[in-house]
Amino acid sequence: MTDYPPTDREAFKQFEHDGFSRVAQRYDRAIAQVTSQVNETILDAVKTGYGTQLLDVACGTGWLSAAAVRRQAIVTGLDFVENMVFIARSRCPEAEFYTGDAENLPFESGRFEAIVCNLGILHFPDPEKAIAESWRVLKQGGRYAFTCWTPPTRNPFMKLVLGSVQTHGSINVDLPPGPPLFRFGDPAECETALRIGGFTSVSVTELPILWTFPTPEDVILTVVSSTARLGPMLAKQSEEQRKNIENAIIEGAKKYATDSGIEIPASVVLAVGSKA
Ligand SMILES: C[S@@+](CC[C@H](N)C(=O)[O-])C[C@H]1O[C@@H](n2cnc3c(N)ncnc32)[C@H](O)[C@@H]1O
């Protein structure tokens with residue numbers, strides 16, 4: 001359960017909203033291509049095909065929606081950041097996009113046959129509410145899938161970035177507190193949350209993702225300029241801490257050098273359930 005007070009939840013939601021509004025364009029250029037690596041697997045998991053009525057929750061700049069449109073699904077996307085929705089509309093004019101909250105979906109009950117949410121759930125202050133809303137707007141027999149980053153212990157990219165912050169600075173800086181970032185990187189948490197939310201035939205798997213950068217310095221640039229939470233966390237360190245963190249990330253990234261640049265492995269958990 002999410003166990004922090006509603007006032008903190010509102011502050012966190014506003015912080016996430018401001019962050020993603022600020023980085024939308026850079027997110028589209030630097031990060032969406034990374035998160036999109038699991039798009040086809042997610043769409044397979046909810047059996048997306050010709051004519052599927054699909055909702056993409058926290059759609060960001062619309063890459064997953066566009067992949068569903070390529071399968072000839074009938075796609076609706078929703079994100080609470082207007083700048084994200086603006087880019088999604090231009091990427092994918094065939095889909096219908098709404099600005100709205102995953103925890104309070106503006107759709108009638110039972111409208112969709114498939115609902116997907118790629119790397120959105122870790123940004124919701126009340127993920128149980130978001131899961132309940134997806135259950136409500138899903139048709140009987142429909143399928144729901146979400147993903148979440150795995151924790152640093154199983155995720156070299158997160159280990160490099162957060163480990164460097166932890167070693168040379170502080171993770172606990174003065175930012176609105178949110179739910180645990182990697183809660184749903186734990187398969188048992190995904191399974192419990194989906195079952196409590198009413199889903200059956202629950203399955204949880206882990207999928208690889210690769211972060212690629214032209215140079216080690218680009219790791220810093222991407223983290224600082226294209227993320228809603230990691231960038232502000234770095235900005236809150238002292239000058240000296242920030243320099244040490246950046247050096248540690250650059251030196252660590254060099255270990256992942258290949259002929260094509262820097263390639264750092266990561267992974268996500270994919271959780272899927274059905275509405276019986
Ligand atoms: C990491 S991005 C993922 C975007 C996209 N699904 C992808 O895979 O690239 C998280 C997205 O969640 C959106 N988001 C965060 N909280 C939200 C909420 N409560 N309701 C709707 N969207 C939300 C953000 O605006 C952002 O676009």
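## A cluster of aromatic rings

Tyr-144, Phe-146, Phe-184 and Phe-199 are linked into a cluster by ring pairs, in a predicted model that holds 10 aromatic pairs. Rings of Phe, Tyr and Trp (its six-membered ring) count as a pair if their centres lie within 6.5 Å, with planes under 30 degrees apart called stacked, over 60 edge-to-face and the rest tilted. Tyr-144 and Phe-146 make a tilted pair, at 5.9 Å centre to centre and with 55° between the planes. Tyr-144 is counted as buried because its relative accessibility is 1%, and Phe-146 because its value is 0%; buried means under 20% relative accessible area, exposed over 50%, and partly exposed in between (1.4 Å probe, protein chains only).

Phe-146 also pairs edge-to-face with Phe-184, at 5.5 Å centre to centre and 80° between the planes. Because Phe-146 lies in strand S5 (residues 138-149) and Phe-184 in the loop between helix H7 (156-168) and helix H8 (187-196), this pair ties together parts that are 38 residues apart in sequence. Helices (H or I, at least four residues) and strands (E, at least two) are DSSP runs numbered from the N terminus.

## Positive phi angles

Leu-119, in the loop between strand S4 (112-117) and helix H6 (127-137), has a positive phi near 60° although this residue is not a glycine.

## Basis of the values

Residues are numbered from 1 along each chain as its sequence is written. In this predicted model local features need pLDDT of at least 70 and side-chain atom pairs count only at pLDDT 80 or more, while totals for chains, interfaces and linings use all residues, and side-chain values use heavy atoms, leaving out hydrogens and water.
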